[in-house]
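Hi there,

Here is the structure I promised to pass on.

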Amino acid sequence: MTGSYSRLCRNLEYGRSLLGRYEERVWPGDPAGATRAERTPCRFRAYVADTLVGADLELRASVAADLADIEQQVRHLNDAHPGLANLEPLARFLLRAEAVASSNIDGLVVNVRRLARSEETEREGLPVTDTTARAVLGNVRALDEALTLAADPARPVSVDDITAIHKALLAATREEAWAGIVRREQNWIGGANPCSAAFVPPPAEFVPELLTDLAAYLSGDEHPALLQAALAHSQFETIHPFADGNGRTGRALIQLVLRRRGVATRVVPPISLVLATQADRYVDALDETRIDGSPMAGQLAWVELFLSATGRACRDASQFVTDLVSLERSWRERLGRVRANSATDLLLTALPSLPVFSITTAAIHIGRTFQATSDAVNRLADSGVVRQVSLGRRNRRFEAVGLFEAFTGFERVLASPDSDTQVSPPTRPVPQRPAQQP
């Protein structure tokens with residue numbers, strides 16, 4: 001453990017303990033409700049979280065050591081990788097994967113190939129008719145917004161920043177009317193009314209203070225980065241400040257912390273891919289942080305689960321990097337000699353950023369003329385590196401050969417409890433391997 005981690009984790013013992021409480025409230029009923037349960041008044045208990053600034057956890061030495069070790073794993077994922085000339089295409093591909101998995105947790109199921117095709121449609125200025133893919137594209141924008149806001153660590157995080165992430169998430173979706181609007185009434189999770197709900201967040205009058213405190217906590221560095229990310233996420237999910245999209249916004253805050261603290265400088269660890277595999281444990285762990293009186297034991301259990309998920313995401317993503325390097329090497333072997341910095345070379349390197357593309361969007365991305373890019377695409381197609389996925393010569397689209405298949409293998413490994421589908425099959429729906437081609 002580094003000296004700074006030892007010092008920070010020793011100091012955790014001397015701060016203010018986290019406290020939380022349940023408050024009894026009366027639900028007046030909804031006269032316009034469709035069922036008697038919705039219309040009938042009843043009593044319920046809402047959870048009011050304590051503020052985070054100045055609060056600390058008493059960590060076991062093993063957890064403190066894990067914080068240091070797994071932070072190093074995240075940093076290593078962001079190091080240069082032999083054989084991978086540019087990390088940006090990897091970063092974009094893994095960010096899409098994180099968006100897909102985070103959305104899957106919230107019931108929005110779409111695979112990376114389907115998302116990439118919708119993303120290309122959007123780049124071409126055409127309407128995206130796939131409503132689920134459009135919602136997941138909002139999650140990509142929310143992650144981008146979070147990472148942009150984290151670019152300047154000297155700039156404090158504000159409540160407006162949190163609402164900006166939510167606005168990006170819901171823009172151009174059916175829920176756009178609620179984008180960035182902090183709730184002013186009671187909400188709940190599950191059930192016809194708060195009296196039968198699985199969880200009831202704080203009453204609306206507590207939300208502004210709790211959000212202001214959360215923004216201040218996100219702006220600080222009193223805790224190690226991974227601890228800060230875990231606590232900020234659980235706190236946000238407990239506040240549940242929006243009508244919809246709280247889970248996806250809260251998971252975007254994890255990446256905001258890791259980028260802002262300089263841990264994930266370029267590549268986001270796809271933590272949601274692991275949490276999606278452990279969805280029941282994930283929900284249960286968050287529930288355990290909402291204990292009447294002192295929720296510290298529950299917070300510690302959540303931190304341990306979060307660290308485990310982050311560590312596994314980094315380890316399996318590092319293996320995916322190796323697979324990606326091998327794939328790019330096979331592409332180059334098919335092509336033969338490629339002149340450095342030519343349109344062909346640039347497009348080949350950029351393929352993970354553009355898993356589905358048209359000649360026009362590829363030309364814009366690599367900064368070459370339409371004709372030079374067209375020649376490069378033709379060469380890649382003739383060599384079997386890309387294939388056409390739409391008919392006709394106008395508005396043709398192309399797809400990188402082998403990229404989605406490699407990701408399918410990566411996703412299946414992450415969905416296996418033992419990281420080996422031969423030992424333990426995936427515990428959630430994932431594409432079959434090999435993936436079916438159009």
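**Contacts and overall form**

Among contacts (heavy atoms within 4.5 Å) in the protein chain between residues at least 6 apart in sequence, 68% join residues at least 24 apart.

A word on the basis: this is a predicted model, where local features need pLDDT of at least 70, side-chain atom pairs count only at pLDDT 80 or more, and totals for chains, interfaces and linings use all residues. Residues are numbered from 1 along each chain as its sequence is written, and side-chain values use heavy atoms, leaving out hydrogens and water.

The protein chain has 17 helices and seven strands, taken as DSSP runs (H or I, at least four residues, for helices; E, at least two, for strands) and numbered from the N terminus. Its C-alpha trace spans about 70 × 60 × 45 Å along the principal axes. Of the 438 residues, 55% count as buried, meaning under 20% relative accessible area with a 1.4 Å probe, protein chains only.

**One residue to look at**

You will find His-240 in the loop between α9 (225-239) and α10 (246-260). Is His-240 buried or exposed? His-240 is buried, because its relative accessible area is 13%. Not counting residues up to four places away in sequence, His-240 touches Arg-183, Asn-187, Ile-189, Pro-201 and Asn-246.

Definitions and conventions
Buried means under 20% relative accessible area, exposed over 50%, partly exposed in between (1.4 Å probe, protein chains only).
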